[in-house]
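Please look over the model below before reading the notes. Comments on any of the points are welcome.

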Amino acid sequence: MMNKTKKKNVYVKYAVIMCISGALGGILGGVMEMGQVHGVLTGIQEGMQFFLNSVRNWMLPLMAICGVIALVLCEQYMGRLKRAGEAMEQAEDEAYERLDYELEAAGSRGMIVSFAGSIAMILLLATGYSTKYIESLNGSGIMWFLLEILTFIALEVYLNVWQIRYVRVIQKIYPDKKGDPTSLKFPKQWLESCDEAEKECIYQASYKGYQTVMKWAPILTFVALILHMFFDTGILAIVMPSVIWLVTSVTYCRACLQNKGEKLSK
Amino acid sequence: MPLENRLKEHRARLGINQADMGKRAGVSRQTISLIERGDYSPSVTLALKLAKICQVTVEDIFSYTEEENDE
């Protein structure tokens, strides 16, 4: 009886959420339509174009600033990693636990900075990365663009090498950890060398990552859909998050099925 | 915490550190540390391994206490 009421409540809650979403969508559509009529959308479009053009014009200094920040932070975290690793060799139990946390914190923050830096570089380059733009450049403009490309490559290489160095430092501290960080099989090799507690930590973190993608991929898909309707942003902006959404959900279901199938066939 | 353990006491009795205990059990020093702090409940296999290393039964190391609000 209780279960039936609970199930009913879930459907009612779902219907209410759908109605609210529909109403919000309607209001947003109306606002956008009003904006189109009064030329506000054109203003926003022009503003965005101005912003992108400004970023494109300042691409090299912006890349340099992002690169220097990423480099300083990454090297700082690398230093902390090495110091914590050296101290751990002689540490007693309680000090070891604190150092282990420091090691994890420095490593995770360094990885976040290296990924954020790498993505920032890609986004900056994307503002001028089109044949239409390159063809519009004159002699010195092309030289500047080549310089921007070289800066981009140099920083991407540095950030990737930092990640390899990070893995090597961890492998030096924990010799049991295996895997070649330059190999495509690295995640599998690394996981195989982890014990049960470390695997549990990886699985929990992976599930959190899965949940984040499953929350944001639909939101981004619908945002891209709405933006395409009013700003003609292109179909690719809708395809990308929806493919990520599909691939993530299919991979998850396939892995669950595979796991159960393997157990059944034993 | 429903699962309590006396791994630290048994390890001290053997006179070995966390790293040695980890080596004997085939896990990392961090895992031994997590178990001793009660932050990780080991698998049955690992619990049996640890009991064997300490030459006691699993119940001598690990004890399960039912929480009051457990149904």
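1. Basis. This is a predicted model, in which local features need pLDDT of at least 70 and side-chain atom pairs count only at pLDDT 80 or more, while totals for chains, interfaces and linings use all residues. Residues are numbered from 1 along each chain as its sequence is written, chains are lettered from A and ligands numbered from 1 in the order in which they are written, and side-chain values use heavy atoms, with hydrogens and water left out.

2. Extent of the interface. Chain B supplies 15 residues to the contact and chain A supplies 13 residues (contact means heavy atoms within 4.5 Å). Between chain B and chain A about 1200 Å² is buried, and carbon and sulfur atoms give 39% of that area (buried area is the accessible area, 1.4 Å probe, that two parts lose on being put together, summed over both). On the side of chain B, the residues that lose the most area to chain A are B:Arg29, B:Gln30 and B:Tyr40, together 51% of what that side buries.

3. Polar and charged pairs. Between chain B and chain A there are nine residue pairs in polar contact, both at pLDDT 80 or more (a polar contact is a pair of N or O atoms within 3.5 Å; within protein, one must be able to donate a hydrogen and the other to accept it, and residues adjacent in sequence count only if both atoms are side-chain atoms). The count of salt bridges between these chains is one (a side-chain nitrogen of Lys or Arg within 4 Å of a carboxyl oxygen of Asp or Glu). A:Glu97 and B:Arg37 form a salt bridge through their side chains, at 3.6 Å, N to O. Helix H3 (residues 29–37) of chain B gives the most to the side of chain B that touches chain A, with six residues (helices are DSSP runs of H or I, at least four residues, numbered from the N terminus).

4. Cysteines. No disulfides are found over all chains (a pair of cysteine sulfur atoms within 2.5 Å). The sulfur of A:Cys74 is 12 Å from the closest cysteine sulfur, in A:Cys66, too far for a bond. A:Cys66 is partly exposed at 27% relative accessibility, whereas A:Cys74 is buried at 0% (buried means under 20% relative accessible area, exposed over 50%, partly exposed in between; 1.4 Å probe, protein chains only).

5. Around A:Ser114. A:Ser114 lies in helix H4 (residues 93–126) of chain A and is buried, with a relative accessible area of 0%. Leaving out residues up to four places away in sequence, A:Ser114 touches A:Cys74, A:Leu159, A:Trp162 and A:Gln163.

Methods
Helices (H or I, at least four residues) and strands (E, at least two) are DSSP runs, numbered from the N terminus.
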